[in-house]
Structures are given as C-alpha cells and as structure tokens.
Amino acid sequence: METKQNVIIAVDGSKCCLSALQQYSEELMESNHHVVAVLVGERTDVAFSAIGPLDKSLVKALIEAEEQKISEKISRVKACMDECKIKGEIIRAFGEPGPAILDKAKELKASFIVTGSRGLGKLRKTLLGSVSSYLLHHAHIPIVVCKMPS
C-alpha cells in the first residue's frame with residue numbers, strides 16, 4: 001500500500017493558479033497524493049484609532065464584501081479541482097501568503113508545494129513581491145513553479 005503524500009497547492013482563484021492546478025493534474029498527480037489547496041485570506045486591517053469611530057454597518061459591509069470575494073475564489077478553485085479530478089480539500093490561511101503557505105506545509109508535513117507564476121517583470125516583482133519567489137528561497141521542501149502557457 002502506498003503511503004499518502006500531502007501536496008500543497010498555493011491558490012488565489014486567479015487564472016494563473018487555475019493553470020497550476022491543471023498542470024499539476026496533467027503532469028504530477030499520483031494516486032497517493034492528497035492535495036491541500038491553501039488560499040491565504042485577504043482581510044483589510046482597519047486602524048480604528050487612527051481614523052476615529054466607524055459606523056458599524058460600514059465595517060460589516062466591508063467584511064461581507066471581502067468574504068464574498070474569497071467565497072468566489074474558493075468556488076473557482078473547487079470547480080477546477082473537480083474538473084481536473086484532483087482529490088483533496090481547500091483550506092484558508094491568514095497572514096502574508098509566503099510564510100502562511102510554508103507554515104501549512106510544515107504543519108501538514110507536505111512532500112512538495114505547487115504554485116503558479118504570473119511572470120511579473122523585475123520591477124513589478126521588486127515592488128509587489130512574489131509568492132513563488134518567496135517559496136523558492138525559504139522552503140525546505142521541493143517547490144514546483146508552473147508558468148502560464150503562452
């Protein structure tokens with residue numbers, strides 16, 4: 001009997017991550033893999049003390065709008081996983097994407113991590129950062145970076 005291997009796939013609901021899921025299913029997927037798609041939640045930090053008291057209904061509306069966006073991302077990832085016949089689950093993590101993904105990989109004793117790459121230019125990558133670059137430089141397990149097909 002084959003030993004189950006946890007595989008982390010970093011997802012954000014983008015075309016790039018959906019392409020990485022598809023490439024994983026076509027090139028890497030094995031019957032003993034259990035995929036854990038990790039979506040790092042995006043929550044806006046509101047500094048109440050800096051801007052004064054806020055209307056509670058406004059804060060609630062902002063949070064609900066963000067939760068709706070995250071739900072839509074999860075739906076896109078789930079549909080792609082189903083279409084590609086990827087067995088696994090989608091979980092949310094919080095914080096900076098790179099460290100949060102590595103924390104989940106360590107916690108789940110993942111065998112490797114799959115991530116997409118948007119192919120940002122050097123200037124944009126320097127300014128915006130790159131999750132795939134962070135993972136490549138800080139992970140202690142193999143990283144597979146899937147480029148978007150041309």
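Helices (H or I, at least four residues) and strands (E, at least two) are DSSP runs, numbered from the N terminus. This is a predicted model, in which local features need pLDDT of at least 70, side-chain atom pairs count only at pLDDT 80 or more, and totals for chains, interfaces and linings use all residues. Residues are numbered from 1 along each chain as its sequence is written, and side-chain values use heavy atoms, with hydrogens and water left out. Five strands form an open sheet in the order β3-β2-β1-β4-β5, with parallel pairing; two strands pair if DSSP finds at least two bridges between them.

**The sheet**

- The edge strands, β3 (88-94) and β5 (143-147), each pair on one side only.
- On average, neighbouring strands of this sheet are turned by 25° against each other, direction ignored; axes are lines fitted to C-alpha atoms, for helices over the stretch in contact, and angles run from 0 to 180 degrees between N-to-C directions.
- Three bridges join the parallel strands β1 and β4, and V7 has F112 in β4 as its bridge partner.
- Helix α1 packs on the sheet and touches β1, β2, β4 and β5, where contact means heavy atoms within 4.5 Å. The direction of α1 makes about 135° with that of β4.
- Helix α3 also packs on the sheet, touching β1, β2 and β3, and its direction makes about 155° with that of β3.

**Strand β4**

- Six of the six residues of β4 are buried, so β4 is largely enclosed by the rest of the structure. Buried means under 20% relative accessible area, exposed over 50%, and partly exposed in between (1.4 Å probe, protein chains only).
- In a regular strand the side chains alternate between the two faces of the sheet.
- From β4, F112, V114 and G116 point one way, while I113, T115 and S117 point the other way.
- I113 in β4 stands opposite I8.
- β4 pairs with β5 in the parallel sense over five bridges, and G116 stands opposite C146 in β5.

**Nonpolar cores**

- A nonpolar core is a set of buried Ala, Val, Leu, Ile, Met, Phe, Trp, Tyr and Cys residues joined through side-chain atoms within 4.5 Å.
- The largest such core has 19 residues, and I9, V11, L21, Y24 and V114 have the most contacts inside it. The elements giving two or more residues to this core are β1 (5-11), α1, β2, α3 (56-83) and β4 (112-117).
- Another core, of 16 residues, lies apart from it and includes A10, A93, I101 and A105.
- Not counting residues up to four places away in sequence, L21 touches I9, V11, V77, C80, M81 and I86.

**Helix α4**

- In helix α4 (residues 97-107), the buried residues are G98, A100, I101, L102, K104 and A105. They pack against β1, β2, β3, β4 and α6 (131-138).
- Just after α4, K109 takes a positive phi of about 50°.

**Residue N32**

- N32 lies in the loop between α1 (15-27) and β2 (33-41).
- N32 counts as buried because its relative accessibility is 13%.
- The N32 side chain reaches the backbone oxygen of T3 at 2.9 Å.

**Cysteines**

- The whole structure has zero disulfides, a disulfide being a pair of cysteine sulfur atoms within 2.5 Å.
- C16 is buried at a relative accessible area of 8%, and its nearest cysteine sulfur, that of C17, is 7.3 Å away.
- The sulfur of C84 is 4.1 Å from the closest cysteine sulfur, in C80, which is too far for a bond.

Note on methods
A polar contact is a pair of N or O atoms within 3.5 Å; within protein, one must be able to donate a hydrogen and the other to accept it, and residues adjacent in sequence count only if both atoms are side-chain atoms.
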